[in-house]
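Hi,

Here is the structure I promised to pass on.

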Amino acid sequence: MKFKSYFLSIFTLLILFSCKSTKSLKGSSNSIYNGINDTTFVKLIDFSSDFVIDMKYATKDNFLKNKVYDCDECYLRLKTVKSLVQANEEFIALGYRIKLFDCYRPLDIQKKMWAIIPNTDYVANPAKGSIHNRGGAVDITLIDKKGKELDMGTSFDFFGPEASHNYQDISKKIRKNRTLLKSVMLKHNFKSFDSEWWHYNLIDSNKDKLANFKWNCN
């Protein structure tokens, strides 16, 4: 009986220690945001290394056929980062990860894009700006454990009806992939953009001011 009582005591202590450790880990993950205002612009990789970043506008591999970013960095307002990290954690649990094509875009870059293609079908007029200029928008897709992009039916920045969430003439596999991306993002405080399967805006981010913050490439 004494041995059984001793065993139960040790088992109870282990359970209590495990619970405390779990709470501590959760607390530490939240503590990385402490002292930072939700509207502050931050670098995504400073808060999570679980993303793949492929900023298309830092290359010529985009519809502009021009490099308009000086370097490959993803900045967002902190509140956007918080929701994005939570979404990515859910994707990781399912065997996927978020790959980013675009994040915050300074207003001067928006003007540069408008100068190349002054057409609101493709580029937001900098006079009004876009959610990208407010630090609340991301252009994304999903990759699997091998780093391969899921088939979404079109490439990023494909401007045609096939890129729309409402387009029906696609395979079950493509529809499943788009639905997965959309359902998880909506769950984590984002809303979709009807004509672009890759574009997601943080809810209420349109209320934030246009910004022209520029990151340091060094």
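Let's start with Cys 103, which is found in the loop between strand 4 and helix 3 (helices, H or I of at least four residues, and strands, E of at least two, are DSSP runs numbered from the N terminus). Before going on: this is a predicted model, where local features need pLDDT of at least 70, side-chain atom pairs count only at pLDDT 80 or more, and totals for chains, interfaces and linings use all residues. Numbering runs from 1 along each chain as its sequence is written, and side-chain values use heavy atoms, with hydrogens and water left out.

Cys 103 is buried, at 0% relative accessible area (buried is under 20%, exposed over 50%, partly exposed in between, with a 1.4 Å probe and protein chains only). Leaving aside residues up to four places away in sequence, Cys 103 touches Met 55, Cys 74, Tyr 75, Leu 76, His 132 and Ala 137 (contact is heavy atoms within 4.5 Å). His 132 sits 29 residues from Cys 103 along the chain, yet their C-alpha atoms are separated by 6.4 Å.

Now strand 4: five of its six residues are buried, so the rest of the structure largely encloses it. Strand 4 pairs with strand 2 (residues 52–53) in the parallel sense over two bridges (pairing takes at least two DSSP bridges between the strands), and Ile 53 stands opposite Leu 100. Strand 5 runs antiparallel to strand 4, joined by five bridges, with Thr 141 as the bridge partner of Lys 99.

Cheers
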